[in-house]
Amino acid sequence: MRIKMNSKKPISFKIEKKFGKLGRAGTISTPHGDIKTPAFVTVGTKATVKALTPEMVRDLGAQVVLANTYHLYLEPGDELIRDAGGFAKFMNWQGPTMTDSGGFQVFSLGAAFGSKVGKLSKVGEVIEGEEIDPNEQAGKLAKIDEDGVTFKSYKDGSEHRFTPERSMEIQHNLGADMFFAFDECTSPAAPYNYQKEAMERTHRWAQRSLDAHKKNVEAAGKQGLFGVVQGGRHRDLREESARTLGAMDFDGYGIGGSFDKDDMTTAVGWVNALLPEDKPRHLLGIGEPEDLFGGVENGCDIFDCVAPTRMGRNGTLHTRDGKINLRNAKFVRDFTPIDSECDCYTCKNYTRAYVAHLFRSNEMLAGTLGSIHNLRFLISLSEQMREAILNDNFAELKKSFLTRYSKK
RNA sequence: GCGUCGGUACUCAAGUGGUCAACGAGGGGAGACUGUAAAUCUCCUGACUUCGGUCUUCGAAAGUUCGAAUCUUUCCCGGCGCA
């Protein structure tokens, strides 16, 4: 293979097989190893996958861990992590890593703060319900302006300021192989004109992020920057965002923001039809099995989501026949594995009754065993999807999996 | 035996004449969770209900009162003190 003169790109992506209009399986190469895609990225916000040791995470088949700029900046501080050799070394994770830019916290601590609004909305919900005014900032912990965002620490209320440049600086310190441009994750309840305004601002922030990143030659040589597509659930905005960011020299792309739950994958398809084909695409914060199928089918390569670990800690577990809430009374004397076809440590060694007992008695091990199972479930699913793509039977896998998973 | 304090829903525990089917916590039941403010949060937890209410409860019984978990008397049970 011919090496281009200035191809000192830290991240490269090779497509191994395509399917359908947009789908593909491939390999992302990073300074800390390869990622076989499609892949599920394990979230370790504070440089730890909650309830698990890195060895457990590795044994699940996890290929990448994603940490968060905002949390690590607040505690223990990005400079400390830089001095520790980067967050991967700090937490003793050997493989590839990512960091999120803090853009999601613009949403979760801003528009969504104190409300039950999530990233996903039911179709029509926003139109029929009351729209949220994102400029209504009283009581929120994040306030947005053209230059950046002012956060109040969720820990102690102290004020902090993020700009695209600052986010880059912090993420350089955190040292992940791949990281994201500073963006604004909008609320699905925000009106069209706000989605447009926020998207355009995110584009300006994307350019600033890219400029700041390239200015740091050392970092640019070993860390890849991903731009984040926004635009809410609007096709024209999503396409404009994909075109605008696609024209910028990012190492990969994130697809972020809010969607209608029911046709999220359609929206993802709009975007991926326009993004450069040879760059990896990451669907931010999505991790339900149904969504993974839709995302892969529509051209996404990697996914991250807190759902498996959060639910795993809260007692909701994936099974091939759908999710179960292990805290329910009916599992108290169920001496079968959580999922008898699962190859995870939890399923191979423990019964539903035992794990249910751990949850009921608030034992720490409950969250560990639940996280192991849910993570393995999604990682295994992504492995199966990759196999299926390579073997030309993705559609069959999708059908057989979802028929069972969603029945009832 | 005398004195004294206490007995409230599954448990602990508020309430001490009406606003009490009765605070709160735990337990129990269910739900939520999608770039982690999250080992978190929400709802339900006397019975019945046409969801508007109806009925039965605060150791037991009998009283006082328009009205009692709350006052009186007796009894039963428990703690403590004195015999």
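Tutor: The crossing of α10 and α11 is right-handed, where a crossing is called right-handed if the near helix is turned clockwise from the far one by less than a right angle, and left-handed if anticlockwise. The model is a predicted one, in which local features need pLDDT of at least 70 and side-chain atom pairs count only at pLDDT 80 or more, while totals for chains, interfaces and linings use all residues. Residues are numbered from 1 along each chain as its sequence is written, and chains are lettered from A and ligands numbered from 1 in the order in which they are written.

Student: At what angle do α10 and α11 pack, and which residues make the contact?

Tutor: Helices here are DSSP runs of H or I with at least four residues, strands are runs of E with at least two, and both are numbered from the N terminus. An axis is a line fitted to C-alpha atoms, for helices over the stretch in contact, and the angle runs from 0 to 180 degrees between N-to-C directions. Helix α10 (residues 235-246) packs against helix α11 (residues 264-272) at about 35°, with the axes 8 Å apart. Two residues are in contact if their C-beta atoms, placed from the backbone, lie within 7 Å; R235, R238, E239 and A242 of α10 and A267, W270 and V271 of α11 make this contact. By class, the contact has four nonpolar, no polar and three charged residues, with Ala, Val, Leu, Ile, Met, Phe, Trp, Tyr, Cys and Pro counted as nonpolar, Asp, Glu, Lys and Arg as charged, and the others, Gly among them, as polar.

Student: How is α12 oriented relative to α17?

Tutor: Angles under 35 degrees count as roughly parallel, over 145 as roughly antiparallel, 65 to 115 as roughly perpendicular and the rest as oblique. Helix α12 (residues 289-297) and helix α17 (residues 394-406) pack at about 160°, their axes 10 Å apart, which means that α12 is roughly antiparallel to α17. The crossing is left-handed, and P289, E290 and F293 in α12 meet K398, L402, Y405 and S406 in α17.

Student: And how does α7 lie against α8?

Tutor: Helix α7 (residues 164-174) and helix α8 (residues 192-215) pack at about 45° with axes 8 Å apart, and α7 is therefore oblique to α8. Their contact joins P164, E165, S167 and M168 in α7 to W205, R208, S209, A212 and H213 in α8; those residues divide into four nonpolar, three polar and two charged.

Student: Is G86 buried or exposed?

Tutor: A residue is buried if 20 or more other C-beta atoms, placed from the backbone, lie within 10 Å of its own, exposed if 12 or fewer, and partly exposed in between. G86, in the loop between α3 (78-83) and α4 (87-91), has 23 such atoms within 10 Å and is therefore buried. Leaving aside neighbours within four places in sequence, G86 is in contact with I81, L174 and G175.

Student: What about K155, buried or exposed?

Tutor: K155 lies in the loop between β9 (149-152) and β10 (159-162), and is exposed because 9 other C-beta atoms are within 10 Å. Beyond neighbours within four places in sequence, K155 is in contact with L74 and E75.

Student: How many residues of α16 are buried?

Tutor: In helix α16 (residues 364-390), 20 of the 27 residues are buried, so the helix is mostly covered.
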